[in-house]
Amino acid sequence: MHRAKIAILGTGYVGTANAVGFAELGYDVIGFDTDARRIAGLRLGIPPYREEGLGEPLARHLRNGRLTFVTDLAAAVEDAAFIIIAVGTPSRPDGSADLSHLDAAVESLRQIATDRPKIVVLRSTVPAGTSDRIAAQLPAHYQLLFCPEFLREGSAVWDFLHPDSTIVGAESDHAAGAYAGLVRSLNAPVMVTGRRDAELIKGGANAFLALKISFANEIANLCGTLNADALNVLQGIGADRRIGEAYLEPGIGFGGPCFEKDVQSLEHVARNSGSPSHLLQATLRVNDAQPRKVVDILEEELGDLRGAHIGVWGLAFKAGTDDLRSSLALRILDDLHARGATATAYDPAIESAELPGRTSIARSAMEAAHADALLVLTEWPEFCDVDPSVLAARLRRRIVVDGRNVLDGERFARCGLRYRGVGRSAVPDSDGAAAVGA
Ligand code: UGA
């Protein structure tokens, strides 16, 4: 059977998940990257980052020959019918997207263009209008699509294989039909739009999810002030199907390489187009302020952070990943340091890292708990399995501030710990006094 050949440019989170995902669908896939070390690792079946569900299919498709990795771009694209571009588009200091990796990839493609027609599929997140600009730079027999991805780190391969929809931004029916055919076995509804619409669907989707989180955090902060329980309140709000319960979990704010960058980029585009977005600006402002809230709670509890030593559970921007990019835990460590505290951190996915305030890294949750108070910053399930009575024996001031609302506050309080969550209702502590959420 003829299996369409797909070249993937970029082996970051999106590129690698796409490579494995398309191999799972039965296609021959060649992954390309300029990073020779990364390619050497991938050839050996070593995932470049921690990702649930990636290692096994990666190894399997290397063995059955469906997946190959190269550092030679010409070799990657030579026989490919589809060329997927999945290079990084990070933020510039002014919030605009840095498209230098994308421009370099397109320039390299132009240099080695063959006279065979190809479909180029842009999957990197880009500001509206970028695809049209790139399309104009490609040879006329190369057709460009913009097909956004909705993959979450930590479950990217699963998300690839179970999409809610496939958005195809196209200016040609032929190319749109070809891509729809490529992903037919995913059985997801396909929506064909113009490329610019598809770019705004991606930016808008991430912005809306981020907006929901900022909304949840504002409501939680209000619940804290009014002594209500944010978990009940937000669950009740989300029970209305028009609103939906997803992305209403309050905490330390949204981190990671996507939300902040994409909201900044859309806000930048909106501002430059003459119709600034107040909602996007507010989403970012709320998120900037949220990490301070948990440090404020800690300070309230300890009286003064100067000279205090804080145990920190969790560094990654969310559970299921070892990614520290735009992790708000780092901002919180900075803030602790600025307020005069020192910290020891533990994260099950991170063995070493250069952390703000010369924070040291512990090898277990309990080792990090040799401290005055504990701060939970990532929602790793293993933290919920900790025996609070053992923790109570370690923590000098017996204070736990749960920035992710994942621990069972009442159980902790029964063991003599003072438990504070984000926007959580009062939990009696060991002395029967009320510990109130922020
Ligand atoms: C996000 C989107 O969810 C994906 O659909 C998208 O494809 C991806 O960005 C991207 O643009 O590449 P990701 O950043 O991997 O995925 O992670 P999420 O699970 O969405 O979480 C983002 C941040 O929001 C994390 O810090 C998480 O802890 C936080 N979050 C999430 C909350 O604080 N509350 C919630 O209710 C949900």
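Student: How much area do domain 1 and domain 2 bury between them?

Tutor: In this predicted model, the chain is divided into domain 1 (5-192) and domain 2 (206-421). The contact involves 15 residues of domain 1 and 19 residues of domain 2. Carbon and sulfur atoms hold 45% of the area buried between the two domains, and that area is about 1300 Å².

Student: Which side chains meet in a salt bridge?

Tutor: The criterion requires a side-chain nitrogen of Lys or Arg within 4 Å of a carboxyl oxygen of Asp or Glu. Across the interface of domain 1 and domain 2, the rule finds 1 salt bridge. With an N to O distance of 3.3 Å, the side chains that meet are those of E153 and R325.

Student: How do the residues of domain 1 that touch domain 2 divide into nonpolar, polar and charged?

Tutor: Between the two domains, the count of residue pairs in polar contact is 7. On the side of domain 1 that touches domain 2, the division is 5 nonpolar, 6 polar and 4 charged.

Student: Why is one side of β11 and of β14 left without a neighbour in the sheet?

Tutor: The open sheet has 6 strands with parallel pairing, in the order β11-β10-β9-β12-β13-β14. Because β11 (360-361) and β14 (418-421) stand at the edges, each has a single partner strand.

Student: Which residue in β10 does V312 stand opposite?

Tutor: Strand β9 covers residues 309-313 and strand β10 covers residues 342-346. These two strands pair in the parallel sense over 5 bridges. The residue in β10 opposite V312 is A345.

Terms used: Residues are numbered from 1 along each chain as its sequence is written. This is a predicted model: local features need pLDDT of at least 70, side-chain atom pairs count only at pLDDT 80 or more; totals for chains, interfaces and linings use all residues. Side-chain values use heavy atoms; hydrogens and water are left out. Domain bounds come from an automatic or database domain assignment. Contact means heavy atoms within 4.5 Å. Buried area is the accessible area (1.4 Å probe) that two parts lose on being put together, summed over both. A polar contact is a pair of N or O atoms within 3.5 Å; within protein, one must be able to donate a hydrogen and the other to accept it, and residues adjacent in sequence count only if both atoms are side-chain atoms. Ala, Val, Leu, Ile, Met, Phe, Trp, Tyr, Cys and Pro count as nonpolar, Asp, Glu, Lys and Arg as charged, and the others, Gly among them, as polar. Two strands pair if DSSP finds at least two bridges between them. Helices (H or I, at least four residues) and strands (E, at least two) are DSSP runs, numbered from the N terminus.
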